[in-house]
Amino acid sequence: MKITLKDGSVKEYSEAMSVNDIAYDIAGGLGRAACAGKVNGEVVDLRYIVSEDAEVEILTFKDEEGKKVYRHTASHIMAEAVKNLFPEAKLAIGPAIEDGFYYDFDSKPFSREDLDKIEAEMKKIIKKGAKLEKFTLPREDAIKYMEDRNEPYKVELIKDLPEDSVISFFSQGEFVDLCAGPHLISTKSVKAFKLISSSMAYWRGDANKARLQRIYATAYDNKEDLKAHLERLEDAKNRDHNKLGREMGLFTTVDVIGQGLPLFTPKGTKMIMKLQRWIEDLEDNEWGYERTRTPLMAKSDLYKISGHWDHYKDGMFVLGDEENDDEVLALRPMTCPFQYYVYKNSQKSYRDLPCRYSETSTLFRNEDSGEMHGLTRVRQFTITEAHLMIRPDQTVDELTRCLDLVKYVFKTLGLEEDVSYRLSKWDPNKKEKYLGDEEYWNTTQDALRQLLINQNVDFVEADGEAAFYGPKIDIQASNVYGKEDTMVTIQLDCAIADKFDMYYIDENGDKQRPYVIHRTSMGCYERTLAWLIEHYAGKFPTWLCPEQVRILPLSDKYVDYANEVAAKLKARRVDVTVDDRSEKVGYKIRNARLDRLPYWLVVGEKEQEDGTVSVSSRFEGNEGVKSVDAFIEQICKEIDTKEIRVELSEEEKKAKASK
């Protein structure tokens, strides 16, 4: 038989061979590193027998499919360890996931001490090196087999399969688990692992079902990569906006107010207001937008016209009952239908287009409780939303301007390197979910695709991610744990004008339907703040900081001078405070550093006499003595230009100070 390898080379064998034997025949090192194989495009176990001509690829830990096999084997080892230590625990599911794996158990909660014991037990199992061996049973026999082992969750999974199914299991010594595989050959193949944490999870993700205990873990094929991963996780924990934002006093949540409804402190509010004022001035004064203000709720009639009632009702907060109430209202999940009526308030000529309406919109989405997290997924949020009513011949120019604005915003925020682009398309297999026909979707998707190509933007395409009324350019960013969120969308909608009877008068005096672009320039303020917290680890550019300068008098004698300096800074709209506590200045400096301030100014007798301040910053450390006016000009220029100063390393700061 002929085996075609990934590089196109061909190997011939006179008899059937296992994938494992083929790997060793290619190279001993490849055989030792192999996790699984891919035969004619299908991922298979290393023990899989190839008996005829085929395309064969050997998968190692460097391949994503190889990682999954490796980590899924580690999840079985963890399950065996849990059963050894906690025999009363019941097995649920244990898949490989991005960067690791987890396993759900019906058990008491696991403490960190429990996880350490499970790790030790896993090492014993790995050392024994039991072979993972597959066997199958008919469905009824499989049900009885798991009933006899008192594993009710496995029984439920088997019962969900068709009656004629042949059910596969994997054993490793005395431990057996329901599993389709594939797996590594032996437990000894797992070289490095770590149990990360434990939390509650619902069986099958349903809040009405059993509460289980989930253990998150990871595994690597060497200790060095595991160590690097754990260091990244530690850095992620330190940057996690949900932790850091609370520690910095930017926001909080309260149970009696509700999930997904964050409270912003004066500091957090100040940051959001700085972003909002900047975006509003930018859009209105430099990019040609007009601002609207529309209601936070509307009658269901509005959403029925737009299609949201049929396509999005489950995601809305509805006030009232159609069967019992004369008038049913809903909090708005988006602003578009409202702005259409602003457009319709007066007749438009072709000369009036493009008509760009922007609004700082507070919106409401009925998110599932399990989906909400910090500021990235909330039930009430505020967004920089706009809708552009345009002539068809203006489509390319206006879409390009929308993308250019987004790029400018991200560059100013220092986030341009963090994003990726996605063309979100309809799912042609579920046409009932969308407005318009196939020709409409192909045309609008082609327009957005060509825009991205013309802008030399790298992008991926995703079926089923479009809005029900049109395709989108989704600009994505990942949080510190690698989870991707949509930060900004640009959507082309060529159908909605007809539903709302929107028109303009063309040069011949005839009525024409405008196209609509739905877009945001920065996205949701809450999600953007979370992104900024994680990107900068709380060390924001000076213009965004809620406290930009702190003045530290050396003693009570210099508090009045400190207040004089503060008054001059406040007059130039610099956010400044005076630390007039009766504490040593070294203590105050440490506090300023811990608070991640951009600048702190020490003032004493000499500074008061000379009209100066002793300037220190987190960027360069000691910046020397400067006149008050010179420092004010320096920081105001930095704020006005929205400069992002680079922070020197500690070694560079020491070297600078020694000169």
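Two strands count as paired if DSSP finds at least two bridges between them; the exercises below apply this to a predicted model.

**Exercise 1.** Determine which strands pair with S15 and in what sense they run.

*Solution.* Begin with strand S10, residues 100-106, which is joined to S15 by five bridges, the two running antiparallel. Within this pairing, tyrosine 102 stands opposite tyrosine 216 of S15. Turn next to strand S14, residues 192-202, which pairs with S15 over ten bridges, again in the antiparallel sense. Here tyrosine 202 has arginine 211 in S15 as its bridge partner.

**Exercise 2.** Compare the span of helix H9 with the expected value, and list its buried residues.

*Solution.* Helix H9, residues 266-286, has 21 residues, for which 30 Å is expected at 1.5 Å a residue. From the first C-alpha to the last the helix reaches 29 Å, which is close to that expectation. The buried residues include Met271, Ile272, Leu275, Trp278, Ile279 and Leu282, and among them are also Lys274, Glu280 and Glu283. Just after H9, glycine 288 adopts a positive phi of about 80°.

**Exercise 3.** Classify the packing of helices H13 and H14.

*Solution.* Helix H13, residues 395-413, packs against helix H14, residues 438-454, at an angle of about 55°, with the axes 10 Å apart. Angles under 35 degrees count as roughly parallel and 65 to 115 as roughly perpendicular, and H13 and H14 are therefore oblique to each other. The crossing of H13 past H14 is right-handed. Leu399, Thr400 and Leu403 of H13 make the contact with Leu448, Leu451 and Leu452 of H14.

Technical notes:
Residues are numbered from 1 along each chain as its sequence is written. This is a predicted model: local features need pLDDT of at least 70, side-chain atom pairs count only at pLDDT 80 or more; totals for chains, interfaces and linings use all residues. Side-chain values use heavy atoms; hydrogens and water are left out. Helices (H or I, at least four residues) and strands (E, at least two) are DSSP runs, numbered from the N terminus. The expected span of a helix is 1.5 Å times one less than its number of residues. Buried means under 20% relative accessible area, exposed over 50%, partly exposed in between (1.4 Å probe, protein chains only). Axes are lines fitted to C-alpha atoms, for helices over the stretch in contact, and angles run from 0 to 180 degrees between N-to-C directions. Angles under 35 degrees count as roughly parallel, over 145 as roughly antiparallel, 65 to 115 as roughly perpendicular and the rest as oblique. A crossing is left-handed if the near helix is turned anticlockwise from the far one by less than a right angle, and right-handed if clockwise. Contact means heavy atoms within 4.5 Å.
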